[in-house]
Amino acid sequence: VVYIFLKTDQSMNYFRCIRQKRIVWLALCLMSIMVLSCAAHRGMATIAVSEATEDISYRLGIPLTDEDNLELYRMVALWIGTPHRMGRSTKKGTDCSGFVTNIYKKIYGKTLARSSAAMLAANCERINKKSLCEGDLVFFYTRRKSKRPSHVGIYLKDGKFAHSSTSKGVIISSLDEPYYKKRWITGGVVR
């Protein structure tokens, strides 16, 4: 009787080990599948990001890489062509500061003053053109008798910035264009 009990106890132990091995094997299989599917998913996401980057790059006329702040460029691309409307800040119409405040709120979560002069005074630290980085603000004067900031845009890269022009609405322009070169005041890093 003792012998049968031991043998039964050993066989139970044997089956428990097999069951544990099967569970471990099944868990390893599932983990392998998950890792492989995640790797495949990551590869597909990289392709999708690259295609999206190319599309945005084409629409904005700016060469982009995956290292750029693609959310900023995506948001700017959505606003391109929005008509200029003084005092407004919607996609149906916006002025320059309305455009900048909207982008900054959505991309960086920061609330800026509503006029370009107030933005520079209250929200920015002045910087020169050579120090500009993606997302910095660029300030210009547009009134002949005053050198106060009356126009603002968001610096993108390669001397290009996004802004709401009174004649063309939201567009991309170059800091090297004679109009903006002549009316440059300063760049601004948002605090």
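**Close-up views of a predicted model**

View 1. Leaving aside residues up to four places away in sequence, histidine 151 touches Cys96, Ser116, Val138, Phe139, Phe140, Thr142, His163, Ser164 and Tyr180, where contact means heavy atoms within 4.5 Å. The model is predicted: local features need pLDDT of at least 70, side-chain atom pairs count only at pLDDT 80 or more, and totals for chains, interfaces and linings use all residues. Residues are numbered from 1 along each chain as its sequence is written, and side-chain values use heavy atoms, with hydrogens and water left out. Histidine 151 lies in strand β5; helices (H or I, at least four residues) and strands (E, at least two) are DSSP runs, numbered from the N terminus. Its relative accessibility is 9%, so histidine 151 counts as buried. Buried means under 20% relative accessible area, exposed over 50%, and partly exposed in between (1.4 Å probe, protein chains only).

**View 2. The largest pocket.** The largest pocket holds about 500 Å³ of space. On a 1 Å grid over the protein atoms alone, a pocket is an open set of points where a 1.4 Å probe fits, with protein on both sides within 12 Å along at least five of seven lines; lining residues have an atom within 4 Å of a point. Grid points are joined across faces, edges and corners, and the volume is the space filled by probe spheres set on the points. The pocket is lined by 27 residues, and Cys96, Thr142, Ser150, His151 and Thr166 are the closest to its centre. By type, the lining has 7 nonpolar, 14 polar and 6 charged residues. Here Ala, Val, Leu, Ile, Met, Phe, Trp, Tyr, Cys and Pro count as nonpolar, Asp, Glu, Lys and Arg as charged, and the others, Gly among them, as polar. β6 gives the largest share of the lining, 3 residues.

**View 3. The largest nonpolar core.** This core has 28 residues, and Val76, Phe99, Val100, Ile103, Met119, Leu137 and Ile154 have the most contacts inside it. A nonpolar core is a set of buried Ala, Val, Leu, Ile, Met, Phe, Trp, Tyr and Cys residues joined through side-chain atoms within 4.5 Å. At least two core residues come from each of α1 (2-60), α2 (70-79), α3 (96-108), α4 (116-123), β4 (137-140) and β5 (151-157). α2 supplies the largest share, 6 residues. In α2, 7 of its 10 residues are buried.

**View 4. Tryptophan 79 with phenylalanine 99.** The structure holds 7 aromatic pairs. Rings of Phe, Tyr and Trp (its six-membered ring) pair if their centres lie within 6.5 Å; planes under 30 degrees apart count as stacked, over 60 as edge-to-face and the rest as tilted. The ring centres of tryptophan 79 and phenylalanine 99 are 5.8 Å apart and the planes are at 65°, so this pair is edge-to-face. Tryptophan 79 is in helix α2 and phenylalanine 99 in helix α3, so the pair ties together parts 20 residues apart in sequence. Both tryptophan 79 and phenylalanine 99 are buried.

**View 5. Phenylalanine 161 with tyrosine 180.** The rings of phenylalanine 161 and tyrosine 180 have centres 5.1 Å apart and planes at 85°, so they too form an edge-to-face pair. Phenylalanine 161 is in strand β6 and tyrosine 180 in helix α5, 19 residues apart. Phenylalanine 161 counts as buried at 0% relative accessibility, and tyrosine 180 at 9%. One aromatic cluster is formed by Phe140, Phe161, Tyr179, Tyr180 and Trp184.
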